Amino acid sequence: MRSPQVVVVMGVAGTGKTTIGPLLAARLGVPYAEGDDFHPQANIDRMSAGIPLEDADRWPWLEAIGHWAHGRAGLGGVVSSSALKRSYRDRLGAVAPGIVFLHLTGDRRLIEERMSGRQGHFMPTALLDSQFAALQPLEPDEPGVAVDVAGSPQEITERAVRALDALPAASA
């Protein structure tokens with residue numbers, strides 16, 4: 001029997017990480033952690049001002065997420081993180097071996113439309129282009145799956161569960 005997975009829900013801003021993450025966690029019967037909550041205030045201030053984060057800004061944030069994921073090893077959990085670059089995912093995996101990634105993907109127009117409708121989030125739509133420019137999709141040797149964000153949150157979650165279930169046990 002496969003031990004519970006620790007899933008990092010990744011993707012550019014506006015793909016629904018904060019919506020799908022809790023739904024997926026509930027479906028899997030594990031806790032959810034909001035990746036944005038791991039950001040230091042300086043990062044939130046930069047993004048709120050429309051200033052993209054640099055790698056140096058992200059390392060402490062990724063370390064904090066990785067430590068949470070490591071603490072959930074064998075227990076399962078779901079955490080959100082943009083994890084846009086391979087180096088970020090490698091950092092997460094170094095701190096929390098055995099994690100798997102759920103890459104939420106989709107059409108840029110759909111994502112921008114959803115971002116525009118969000119209330120009370122610090123990430124402005126103006127940073128979406130920088131997110132897409134930085135995005136390095138999952139590579140074949142990375143543990144994870146990509147799921148399209150078209151459809152309802154329930155449909156996306158169902159696709160995610162099926163895709164994660166199809167991963168080889170060695171990836172879990």
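The protein exposes about 8,100 Å², and carbon and sulfur atoms supply 55% of that. The areas come from the Shrake-Rupley method with a 1.4 Å probe, and for residues only the protein chains shown count as cover. Before going on, keep in mind that this is a predicted model: local features need pLDDT of at least 70 and side-chain atom pairs count only at pLDDT 80 or more, while totals for chains, interfaces and linings use all residues. Residues are numbered from 1 along each chain as its sequence is written, and side-chain values use heavy atoms, with hydrogens and water left out.

First, the setting. You're looking at seven helices and five strands, in the order β-α-β-α-α-β-α-β-α-α-β-α along the sequence. The radius of gyration is 15 Å, close to the 16 Å that the globule rule gives for 172 residues, so the protein is as compact as a globular protein of that length. Here helices (H or I, at least four residues) and strands (E, at least two) are DSSP runs, numbered from the N terminus. The radius of gyration is taken over C-alpha atoms, and the globule rule is 2.2 Å times the number of residues to the power 0.38. The C-alpha trace spans about 45 × 35 × 25 Å along its principal axes.

Of the 172 residues, 42% count as buried; that means under 20% relative accessible area, with exposed being over 50% and partly exposed in between (1.4 Å probe, protein chains only). If you take contacts between residues at least 6 apart in sequence, 75% of them join residues at least 24 apart. A contact means heavy atoms within 4.5 Å.

Now for α2 itself, residues 41-48. Its buried residues are Asn43, Ile44 and Met47. These three cover an arc of only 100° around the axis, which puts them on the same side of α2. The arc is that of the directions from the helix axis to the C-beta atoms. What covers the buried residues of α2 includes α3 (55-71). After α2 comes Gly50, with a positive phi near 80°.

Which residues does Asn43 touch, not counting residues up to four places away in sequence? They are Leu53, Asp57 and Trp61. Asn43 sits in α2 and has a relative accessibility of 3%, so it counts as buried. Its C-alpha is 6.9 Å from that of Leu53, 10 residues apart along the chain.

Leaving aside neighbours within four places in sequence, Trp61 is in contact with Gly35, Phe38, His39, Asn43, Ser81 and Ser82.

Ala83 has a positive phi of about 45° although it is not a glycine, and its relative accessibility is 0%, so it counts as buried.

Helix α4 brings α3 back into the picture. The buried residues of α4 are Arg86, Tyr88, Arg89, Leu92 and Val95, and they pack against β1 (6-10), α3 and β4 (100-105).

From β1 you can go on to Thr15, in the loop between β1 and α1 (17-28). Thr15 is buried, with a relative accessible area of 1%. Apart from neighbours within four places in sequence, Thr15 is in contact with Leu104, Ile111 and Val149.

Val149 also turns up on the list for Leu110, which touches Val149 and Ala150, not counting residues up to four places away. Leu110 lies in α5 (residues 108-116) and counts as partly exposed, at 22% relative accessibility. The C-alpha atoms of Leu110 and Gly14 are separated by 8.9 Å, and the two residues are 96 apart along the chain.

So, back to your part: α2 has Asn43, Ile44 and Met47 as its buried residues, on the same side of the helix, with α3 included in what covers them.
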